[in-house]
Amino acid sequence: RAVDPPRPMEAAVTAGASSSAEVDLLASLPAEYFTPPGSFDAVQHMLECLPDDVDEAFIGRQAAQTARVLEAVSAKLSARVMRSYGAFVHGMAQVQQLKSDLTLTAIQCRSARKHLARIRTETVDPGLAILSHLRRKRALSELLALAQGVCCLRADSLQVLAMLRAAAQPGVASGGGGRLDLLRCAELQQACERRAAQLSRLKPVKRMEGRIANAAEALQDAMHAELLKSSAAFDEETYAAAIGCALALDRVDDLVNRMHMNFAEAIKVSTKGVLHTHVLLSLGSVTDAQDASIERGKYKDVCAMLSEEFFDSCLAQNFKALLQVLHSHDRMLRFLCRSSASADA
């Protein structure tokens with residue numbers, strides 16, 4: 001007949017009894033069975049513990065006991081596995097989710113690499129090429145500006161020297177052209193000095209520094225020559241041009257300090273020129289060598305060559321030359337007063 005299923009209490013009692021029997025069975029095993037596998041050999045231990053009178057019944061009991069132990073161990077392992085089954089299932093779900101996430105991440109990385117490659121081809125590489133072209137263009141523009149500056153510096157310095165040589169040639173009038181050349185030379189010289197200071201690290205500019213310095217000295221000498229002319233025979237335009245040159249070259253102090261020297265030199269040149277002319281009239285015809293000797297001679301030695309016939313005329317002309325220098329001095333002072341008054345207004 002059919003057997004009634006065990007009631008819950010009976011099942012719990014049965015399970016408890018079975019569990020107690022398994023515990024007792026496992027407790028009956030020697031302690032060596034619970035050591036690490038590498039340090040204990042179960043077969044050797046069993047062979048060493050066999051009694052002397054081994055028969056078939058003993059072997060059957062040992063085999064049954066071994067089977068029960070294996071069943072107890074398997075049951076205990078199964079119970080532990082079942083207790084951890086939820087965590088195992090959850091872990092497997094996490095592993096599957098991780099696998100899906102890794103697959104999706106790989107797809108996204110592949111797509112991102114494709115997008116990055118396309119962006120590099122369509123945007124980054126052209127942008128870098130444009131940036132490289134702009135940098136090259138800027139470098140070439142800077143080189144071109146430096147080359148143009150050097151060329152302008154060379155042309156201006158040569159033009160200053162050419163204008164000074166042309167003004168120093170004999171027969172060149174000291175009219176308006178010379179005055180304009182003096183102002184133009186001063187402007188060009190100032191531009192040359194400023195540009196040379198900006199490009200002083202370049203070797204071509206260093207080679208032109210001597211030429212620029214020579215042009216400055218020659219221009220300063222030309223300025224003093226114009227001032228000397230103004231001291232002998234004052235002309236407003238000539239003097240204004242000389243002052244403009246002094247301002248451009250920053251030589252105003254030198255101009256003021258040499259004013260008295262210029263008037264003294266103008267008196268000397270004017271009187272000596274009158275004396276030289278009258279001496280030539282006294283001597284009549286003279287050779288070029290004699291003329292040069294008279295020109296280089298001292299004032300007292302040249303006076304000794306003057307005949308009495310031309311003495312009064314020479315003295316009158318010298319007095320006239322002195323009056324002209326004094327008149328030039330007066331006109332110069334009046335010009336400076338008017339300039340100062342207009343500047344203050």
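A pocket is an open set of grid points with protein on both sides within 12 Å along at least five of seven lines, and its lining residues have an atom within 4 Å of a point. The model is predicted. In this model, H2 and helix H3 (56-83) each contribute at least two residues to the lining of the largest pocket.

**Largest pocket**
- The largest pocket holds about 600 Å³ of space.
- Its lining comprises 21 residues, and Leu29, Pro30, Tyr33, Met46 and Val69 are those nearest the centre.
- H3 provides the largest share of this lining, 10 residues.
- The lining of the largest pocket divides into 14 nonpolar, five polar and two charged residues.

**Nonpolar surface patch**
- Tyr33, Phe34, Val43, Met46, Leu47, Leu50, Val54 and Ile59 form a nonpolar surface patch of about 760 Å².
- Helix H2 (residues 42-48) gives the largest share of the patch, three residues.
- Tyr33 lies in the loop between helix H1 (8-27) and H2.
- Tyr33 has a relative accessible area of 32% and is therefore partly exposed.
- Tyr33 and Met46 belong to the patch and also are among the residues nearest the centre of the largest pocket.

**Largest cavity**
- One cavity of 30 Å³ or more is counted, and the largest cavity contains about 50 Å³ of space.
- Leu227, Ser231, Tyr239, Leu255, Met259, Asn262, Phe263 and Met332 line the largest cavity.

Technical notes:
Residues are numbered from 1 along each chain as its sequence is written. This is a predicted model: local features need pLDDT of at least 70, side-chain atom pairs count only at pLDDT 80 or more; totals for chains, interfaces and linings use all residues. Side-chain values use heavy atoms; hydrogens and water are left out. Patches are made of residues with over 30% relative accessible area and no salt bridge: like charges are joined within 9 Å, nonpolar side chains (Val, Leu, Ile, Met, Phe, Trp, Tyr) within 5 Å. Accessible areas come from the Shrake-Rupley method with a 1.4 Å probe; for residues, only the protein chains shown count as cover. A salt bridge is a side-chain nitrogen of Lys or Arg within 4 Å of a carboxyl oxygen of Asp or Glu. Helices (H or I, at least four residues) and strands (E, at least two) are DSSP runs, numbered from the N terminus. Buried means under 20% relative accessible area, exposed over 50%, partly exposed in between (1.4 Å probe, protein chains only). On a 1 Å grid over the protein atoms alone, a cavity is a set of points where a 1.4 Å probe fits but cannot get out, and a pocket is an open set with protein on both sides within 12 Å along at least five of seven lines; lining residues have an atom within 4 Å of a point. Grid points are joined across faces, edges and corners, and a volume is the space filled by probe spheres set on the points. Ala, Val, Leu, Ile, Met, Phe, Trp, Tyr, Cys and Pro count as nonpolar, Asp, Glu, Lys and Arg as charged, and the others, Gly among them, as polar.
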